[in-house]
Amino acid sequence: MSIPSPTPIYLDNNATTRCAPEAVAAMLPYFTEQFGNPSSMHSFGAKVGHAVKSARASLQKLLGAEYDSEIIYTAGGTEADNTAILSALKANPERKEIITTTVEHHAVLHLCDQLEKEGYTIHRLKVDGKGRLNLDEYAALLSDKVAVVSVMWANNETGTYFPVKQMAEMAHAAGILFHTDAVQAVGKIPLDLANSAIDMLSMSGHKLHAPKGIGALYLRRGARFRPLLRGGGQERGRRAGTENVPSIIGLGVAAELALERMELENTYVRALRDKLQAGILSAVPHAFATGDVDNRLPNTLNIAFEYVEGEAILMLLNKQGIAASSGSACTSGSLEPSHVMRAMGIPYTAAHGTIRFSLSHENTETEIDRVIAAVPPIIAQLRKLSPYWGENGPVTDPEKAFAPTYA
Amino acid sequence: MWDYSDTVKEHFYNPRNAGPLPDANAIGEVGSISCGDALRLMLKVDPANETILDASFQTFGCGSAIASSSALTEIIKGKTLEQALEVSNQDIADFLGGLPPEKMHCSVMGREALQSAVANYRGEEWKDDHEEGALICKCFAVDAVMIEETIRANNLCSVEQVTNYTKAGGGCSSCHEGIEEILAKVLAERGEDFKPAPPPEKKVPGKLTTLERIRKIEQVIEKARPNLQRDHGDIELVDVDGKNIYVSMKGACAGCQMEAATLGGVQAQMVEALGELVKVIPVKATAKFAPNTLPA
Ligand SMILES: Cc1ncc(COP(=O)(O)O)c(C=O)c1O
Ligand code: FES
């Protein structure tokens with residue numbers, strides 16, 4: 001799509017963020033003068049090796065990890081997720097079960113679907129209408145047949161937190177490895193992994209203003225591990241392949257910035273998000289926020305607009321320069337709306353019309369005011385086109401009033 | 001974001017003929033809110049000659065669903081019902097300057113709404129057993145249901161056959177895993193195992209088999225001979241070894257200063273005929289065929 005003329009407003013930071021200019025500036029020398037291979041036995045390599053070490057220390061600090069050697073760089077969140085789960089299976093070949101949830105990111109869910117075809121038993125914990133887990137259901141599944149528990153820290157669509165620290169302790173008590181996909185949480189909320197029972201944690205740089213294609217797997221010292229990629233001895237033999245040095249440097253800077261702005265995220269960004277939610281919901285009838293609104297990421301707002309379709313909303317928003325995303329089927333090219341919305345039991349009348357606004361510290365109050373003004377007429381315009389919407393509200397019984405020959 | 005054509009965007013931002021049509025006498029409804037798209041098509045038909053005087057729509061759906069509905073009403077206005085029924089979903093897509101493969105179903109929905117409206121006008125029942133599955137092949141916009149039904153109806157058992165019947169898999173081939181999964185499922189129902197075909201012979205377009213290649217080489221040699229014979233010479237194919245084509249020059253041609261030029265011409269024709277770079281190399285026939293005369 002062409003760049004729309006009004007000043008763009010970017011509210012899709014859970015999809016990806018703008019790389020921080022400070023990170024870009026820090027990276028640039030590592031493409032040119034500092035091009036050495038950190039493994040090399042000469043000064044070109046040694047200098048780069050030191051820079052990587054200090055970047056690793058920055059990330060360690062952001063995660064609150066005890067040792068810097070607990071960080072294994074990967075090509076992003078997906079690789080970290082896959083590495084963690086496959087490692088646990090390899091390390092515990094006699095255990096054939098995995099516990100996860102119905103609302104994980106595809107990086108975990110699609111891997112589990114595949115493992116299921118290969119003969120593993122996958123327990124997918126269900127969520128209630130607000131996206132919350134039932135810990136009794138979880139406790140009942142913990143057994144010595146389970147190789148790994150993989151539960152996300154914060155949901156990418158709704159921002160809802162899972163009680164991962166508590167769940168990790170429960171897994172530990174049962175002698176099971178615990179992995180969390182914290183791709184959306186890292187950089188937005190304080191983490192203190194040294195004082196948790198979490199064995200493995202996935203993070204991704206591009207969600208916190210670092211470049212795309214770099215991420216990390218946190219691996220608690222002593223947790224059993226089998227590499228996904230074998231080859232050279234990089235990352236202490238746990239992830240072979242010459243390091244993506246510029247991106248590692250960029251991630252280091254972004255980690256420092258995220259730590260500095262953590263407070264901002266939970267005051268300024270949260271206030272903007274809350275304003276956006278109140279502004280839209282007070283102006284648009286038949287709309288509601290999804291997920292556990294009292295227990296979610298400070299930057300995330302997911303609103304379901306009934307009787308309209310998400311992609312159409314996005315296109316009209318985009319025309320005004322506003323970027324967001326949708327859980328509608330159409331945006332993904334699949335026939336079903338988002339698995340997260342379905343898992344929460346959001347009715348179809350609303351599930352196709354969910355819009356996620358995800359903010360960052362770069363957003364301003366003026367921008368939020370513009371979005372609050374833009375959304376209501378867009379929804380009204382689309383509802384006017386909809387066969388499910390009458391003069392002033394939904395037709396009394398949508399499925400009856402509209403009687404298609406086939407469905 | 002989808003790569004929508006400008007026409008799609010234009011029809012989405014400014015839909016034509018949107019909203020209820022109070023004096024409609026033909027109404028077609030397809031889709032449902034659970035599927036994520038639904039379309040009500042309303043027509044005002046002149047009973048005297050069955051001409052569509054006016055058309056309008058109400059659509060719940062994505063950008064291309066709304067654009068397809070808008071396009072449909074523009075296409076059919078002024079047509080007779082008979083003419084309108086000739087409109088295919090491809091016509092709707094073409095009118096819009098094309099649709100992404102994932103979105104072709106929007107144009108299908110438009111066509112079905114039209115059929116349903118015409119049936120409604122004629123007091124007939126319109127039934128469509130069309131069912132949609134997840135999109136498997138993006139190159140040719142083929143969904144899982146279509147593939148599964150085709151496999152079942154024709155007892156197919158290989159990806160290649162599926163490609164021949166449905167086109168699915170005939171492009172970039174990245175959907176082959178998905179097709180194999182469907183094959184395995186249907187074959188399991190028949191109590192058979194899916195056996196993947198051996199990896200296909202790598203066949204660069206136009207690449208010749210060894211036999212075809214040798215024949216081509218012989219043809220080029222044969223074509224060159226009459227000219228040489230006129231000069232009391234001759235050329236014979238001795239051997240082919242990869243890119244090296246060994247020939248022996250005979251009679252007046254052997255060693256004559258024209259030899260190089262002749263060979264150059266033959267080589268050019270070889271390259272042309274074979275579509276690859278080859279070298280035509282003269283050898284002494286005796287040396288080639290009488291190894292014991294070689295220096296020890
Ligand atoms: C929760 C979650 N996990 C994993 C990922 C994948 O991360 P990456 O894009 O770095 O592979 C994402 C990004 O969309 C995510 O939101
Ligand atoms: S997606 Fe099927 S051939 Fe390309």
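Helices (H or I, at least four residues) and strands (E, at least two) are DSSP runs, numbered from the N terminus. With that in hand, here is a walk through the model in your viewer.

This is a predicted model, in which local features need pLDDT of at least 70 and side-chain atom pairs count only at pLDDT 80 or more, while totals for chains, interfaces and linings use all residues. Residues are numbered from 1 along each chain as its sequence is written, chains are lettered from A and ligands numbered from 1 in the order in which they are written, and side-chain values use heavy atoms, with hydrogens and water left out.

**Stop one: a strand residue.** Select B:Lys279, which sits in strand β8 of chain B. Contact here means heavy atoms within 4.5 Å. Apart from neighbours within four places in sequence, B:Lys279 touches B:Lys243, B:Asn244, B:Ile245 and B:Gln267.

**Stop two: the charged pairs.** Side chains of opposite charge can pair when their charged atoms come close. A salt bridge is a side-chain nitrogen of Lys or Arg within 4 Å of a carboxyl oxygen of Asp or Glu. By this rule, there are 31 salt bridges over all chains.

Begin with B:Glu276 and B:Arg213, whose side chains meet in a salt bridge at 2.5 Å, N to O. B:Glu276 is in the loop between α10 (259-274) and β8 (279-282) of chain B, and B:Arg213 is in helix α9 (residues 210-230), so this pair links distant parts of the chain, 63 residues apart. Are these two residues buried or exposed? Both B:Glu276 and B:Arg213 are buried, a label for under 20% relative accessible area, with exposed for over 50% and partly exposed in between (1.4 Å probe, protein chains only).

Next, select B:Glu82 and B:Arg122, a salt bridge with its closest N and O atoms 2.9 Å apart. B:Glu82 belongs to helix α3 (residues 81-85) of chain B, and B:Arg122 to the loop between α5 (104-121) and β4 (135-137), 40 residues apart. B:Glu82 is partly exposed at 47% relative accessibility, and B:Arg122 is partly exposed at 31%.

**Stop three: across the chains.** Select A:Lys117 and B:Glu181, which form a salt bridge with the closest N and O atoms 3.1 Å apart. Because A:Lys117 lies in helix α4 (residues 106-117) of chain A and B:Glu181 in helix α8 (residues 176-189) of chain B, the pair joins two chains. A:Lys117 is exposed, at 55% relative accessible area, whereas B:Glu181 is partly exposed, at 36%.

**Last stop: a network.** Select B:Glu148, B:Arg152, B:Lys185 and B:Glu189 together; a network of salt bridges links them.
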